[in-house]
Amino acid sequence: MSAATGYNFGYLDEDTKRMIRRALLKAVAIPGHQVPFGSREMPLPYGWGTGGIQVTASVIGPADRLKVIDQGADDTTNAVSIRRFFARVAGVETTERTAEASIIQTRHRIPETTLREGQILVYQVPMPEPLFRLEPRVAETKRMHALADYGLMHVKLYEDIARHGHVAISYNYPVMVNGRYLMSPSPIPAFDNPKMHRNPALQLFGAGREKRIYAVPPYTEVRSLDFEDHPFEPVRARAGCALCGSRESYLDEVVTDDAGGRIFVCSDTDYCQGRQARQEAAE
Amino acid sequence: MMPAMRATLAAGFAEPVLDAQACFRAALEAMARPGRVQRVAAPPEAPPPLGGAAAALLLTLADADTPVWLDAGPEAEAWARFHAGCPIAAAPGEAAFLLAAGPMPPLASLAAGSEEEPHRSATLILQVAALAEGEGWRLSGPGIEREHRLRVEGLPPGFAADWAANQARFPQGVDLFLCAGDRLAALPRTTHLAAG
């Protein structure tokens, strides 16, 4: 598909791209640290991935192949519209296959297929500050990050254990990056947190409304916060996928009728379809 | 005081949008994988002593928001000012980007950011004689699976100590691009250097 005329390559103007690119380089140099940037108004509202789109627009080139997922799916409204957006304003090839993509923009999942060197994973982030529910003042949270003072979050985890017997966070589970910065992994399920640890791909995070960019370089230590006697445990539905039978992937629960019927299916559509295709080929 | 300047400026990027994007990706990949050498495919025609990669980085990253310090003479300054639109910083400590073609300014004299805002720190673009992967220093840190090796020729003798001090200031500190011709490698402040 050729690029639409009347737009700069990738929609953003060159001044904006340069500003975002400078922020990205500093974000990579300081893993997990939130770098402020001048978030622009985009042709879709805040909350639809404007941060991720601005990061992708600043990174993408004509040789790239873009995949966009929304909760693991390639075929939902947000994913389809962002993919079409870049096909129009950058003229890039798009794909639904994780292995074929050079840039993967994601809302709230990490693909099941293992990423490799050379791939860039761009997260859409609604709230970049992991401490915001515990400390609403930005000036205070900046200070806490400067001092690496994360006691408040440990107290929150401890209170969860005291009340519920386990840490009651199933998504957006806070992580420590490179042993220094507490970071929000964006609202990915805690199940996906271990995939961030020493991932060969470069992980970039964009929060459009909150105007923050941060990053995790490849092969960087990313630890989910926990206690020695209450180690972190990723949560997964105790079932197999109704379509491909996978017992390793992250599952969505789908209600099938109004009589209590339900099935579990893979949240990652590319992974699920790939498995189904291989099973059919084997039969 | 000025040597005779050419009547016309050297050109910038042939394709400003796409060449800057390609250069940025090389810079991002270099910063994300310290010690891996990247090539800038289409560097601008830069006035000497600016090399292709260093000049490309300057055009890709600097603009009116970033004071630039360079030691490459009035022709290079005029070139940078025209193509990047960047103000020229009077002292190294005031610059967001520094391009050193001659002696390296001491890292401790450059902006290192604050504890709360370590990103407000300088990026030093240093021209060196040669870069070679697979020999020399042993690099470790974020972006490196086990160990990358990099040999850099043309660094001042006290560089290793200077860098260790820079690394010890984390999260504050200076980030470094090393450029030789149209090739570049990066050392973010997290990278640990051990003698090879």
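About 3,400 Å² is buried between chain A and chain B, and carbon and sulfur atoms give 59% of that area. The model is predicted. The contact joins 44 residues of chain A to 40 residues of chain B. Chain B also holds an open sheet of 3 strands.

**The side of chain A that touches chain B**
- The largest share, 11 residues, comes from α1(A).
- By type, the residues on this side divide into 23 nonpolar, 8 polar and 13 charged.

- Chain A and chain B have 10 salt bridges between them.
- Lys142(A) forms a salt bridge with Glu117(B). Their closest N and O atoms are 3.1 Å apart.

**The open sheet in chain B**
- The strand order is β6-β5-β9 (chain B), and the pairing is antiparallel.
- β6 (148-153) and β9 (192-194) of chain B stand at the edges. Each has a single partner strand, so one side of each is left without a neighbour in the sheet.
- Neighbouring strands of this sheet are turned by 65 degrees against each other on average, direction ignored.
- β5 (residues 130-140) of chain B pairs with β6(B) over 7 bridges, in the antiparallel sense.
- Leu139(B) has His148(B) as its bridge partner in β6(B).

Notes. Residues are numbered from 1 along each chain as its sequence is written. Chains are lettered from A and ligands numbered from 1 in the order in which they are written. This is a predicted model: local features need pLDDT of at least 70, side-chain atom pairs count only at pLDDT 80 or more; totals for chains, interfaces and linings use all residues. Side-chain values use heavy atoms; hydrogens and water are left out. Two strands pair if DSSP finds at least two bridges between them. Helices (H or I, at least four residues) and strands (E, at least two) are DSSP runs, numbered from the N terminus. Axes are lines fitted to C-alpha atoms, for helices over the stretch in contact, and angles run from 0 to 180 degrees between N-to-C directions. Contact means heavy atoms within 4.5 Å. Buried area is the accessible area (1.4 Å probe) that two parts lose on being put together, summed over both. A salt bridge is a side-chain nitrogen of Lys or Arg within 4 Å of a carboxyl oxygen of Asp or Glu. Ala, Val, Leu, Ile, Met, Phe, Trp, Tyr, Cys and Pro count as nonpolar, Asp, Glu, Lys and Arg as charged, and the others, Gly among them, as polar.
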